[in-house]
Every structure is written in structure tokens, then in C-alpha cells.
Amino acid sequence: MGIVYLNQSDPGFPVGLRKYLADQTPERVAVLGNLDILKEKKAAFFCSSKCPGDLIIKTYDLAKKWRNEGITVIGGFHSPMEQECLSILLRGRQPVIVCPARSIETMRLKAEYRTPLAESRLLFLSAFPEKDKRMTAETALIRNRFVAAIADDVFVAHAAEGEKIEAFCHELAARGKPFTTLDNDANINLVALGARAATL
């Protein structure tokens, strides 16, 4: 299984990218894995690097619910909380879409990726050219916009005040992209932006 490329003119190019990103839509998307996963309804998952303990437990429970209900989850899976939830999701049978904030041409596949990739339930997507081999703050933001554009629903477990995910949530609200969060005092900043409470 090798990397293939989707250009804007290709039928399989994610529709949400042009709708949400407009003139920031990437010309080409690199793909590794089962392209049919893009046809599924997708829930985006974001979480700050810092997350309160009670929210960690609730987020684990939600990840298990997604896994058990067969929900397709898409994300960058970079923060510690996101990585932990990815491990939970990969132990299920449902599809997962991973979007690194870098190119995937030279990406080293972790051992936990190999089985789900071989079983056609894992998909890697990247909007970055081969030269972008490392994640930066800029590529992380571009990646987050990319993930939100492709997703049908957006879930933010927690966005610590003053951190990049909170700034990104302001952007989601400004662009009119609805998102949900956990009902918790630590997420009052997200509720103020219009976030709805997720159902556990």
C-alpha cells in the first residue's frame, strides 16, 4: 500500500475543504490507506496539551463510546490526550483518520498503525508537500483547519485559556463551524463561544 494523491479536480477530493477553506484549499492531498473512509460521517477531535483530571476521564469514556458505536474520528492526534484517545480508537473496529501536521512521504509508521492500516480501517491525510517534514506552530494550525473542514462534527474536549486550541475555537466560531464540548466548569470559555454540550 503506497501513497496516492488527490488533486482538487479529482472526484474523491474532500468536498468540505473547498467549502470551508475557500482560497486556502490545498491543491493536492496526500493519502495513505483506505480512501473509502472519507465517505463516512466524521467527528473531529481536539484537546489542549493541558487537560483537567476529571475531563480526562470523561474524554476517555467518550472515546470508548465512539469506538463501541463505530464512529469515524478524524484528528491530528498530537497532544497527550489526543494520543491516548487514538490508542483507544485503534483497538476498535471502526475507521480512524489521522492528519499529521507535516508530510507523510517520509513518515515512520508506528507499530500500532500497521494492523489497522492493513485491515483498511486507518487513513492518513496530509495537505503538506514532501519538503514539510516537521511540525511547526504554523503547520499545526493549517492541519487543524484541514481537519475541521473535512469533519461533519467537531468535538473539543478542552481548550486551555490562552492556548492555541482556544484561539482555534475562536476561529471555528467566527467561521460558523458548530462544535461541542464536555459540560464542565473548565470549559466555560468554550460555552461562551457557542459550544454545545456533548452527549455521553
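**Figure 1. The residue after helix α4.** Helix α4 is followed by S120, and the phi angle of S120 is positive, near 60 degrees. The structure shown here, as in every view below, is a predicted model.

**Figure 2. The buried side of helix α4.** Helix α4 spans residues 111-118, and Y113, P116 and L117 are buried in this helix. Around the helix axis they cover an arc of only 100 degrees, which puts them on the same side of α4. An α-helix has 3.6 residues a turn, so residues three or four places apart point the same way. What lies over this side? The cover of the buried residues of α4 includes strand β2 (28-33), helix α3 (80-90) and strand β6 (122-126).

**Figure 3. The other face of helix α4.** Which residues does α4 carry on the face turned away from its buried side? Exposed residues A111, R114 and A118 are found there. Compare this face with the buried residues Y113, P116 and L117 of the previous view.

Figure 4. Residue N7 belongs to strand β1, which runs over residues 4-7. P26 is 19 residues from N7 along the chain, and the C-alpha atoms of N7 and P26 are separated by 8.5 Å.

**Figure 5. The whole chain, as a setting for the close-ups.** The protein chain contains 7 helices and 9 strands. Its C-alpha atoms fill a box of roughly 45 × 35 × 30 Å along the principal axes. The radius of gyration is 16 Å, which agrees with the value near 16 Å for a compact globule of 200 residues. Of the 200 residues, 51% count as buried. Among contacts between residues at least 6 apart in sequence, 71% join residues at least 24 apart.

Figure 6. The accessible surface of the protein chain comes to about 9800 Å². How much of this surface belongs to carbon and sulfur atoms? These atoms account for 50% of the accessible surface. The protein chain has 27 positive and 24 negative side chains. The centres of the two sets lie 4 Å apart.

Methods: Residues numbered from 1 in each chain as written. Predicted model: local features only at pLDDT ≥ 70, side-chain atom pairs only at ≥ 80, totals over all residues. Heavy atoms only, no water. Helix = DSSP H or I, 4+ residues; strand = E, 2+ residues; numbered from the N terminus. Rg over C-alpha atoms; globule rule 2.2 N^0.38 Å. Buried < 20%, exposed > 50% of the residue type's maximum accessible area, 1.4 Å probe, protein only. Contact = heavy atoms within 4.5 Å. Areas by Shrake-Rupley, 256 points an atom, 1.4 Å probe, with all protein chains shown as cover. Lys, Arg positive; Asp, Glu negative; His and termini not counted. Charge placed at Lys NZ, Arg CZ, Asp CG, Glu CD. Arc of directions from axis to C-beta.
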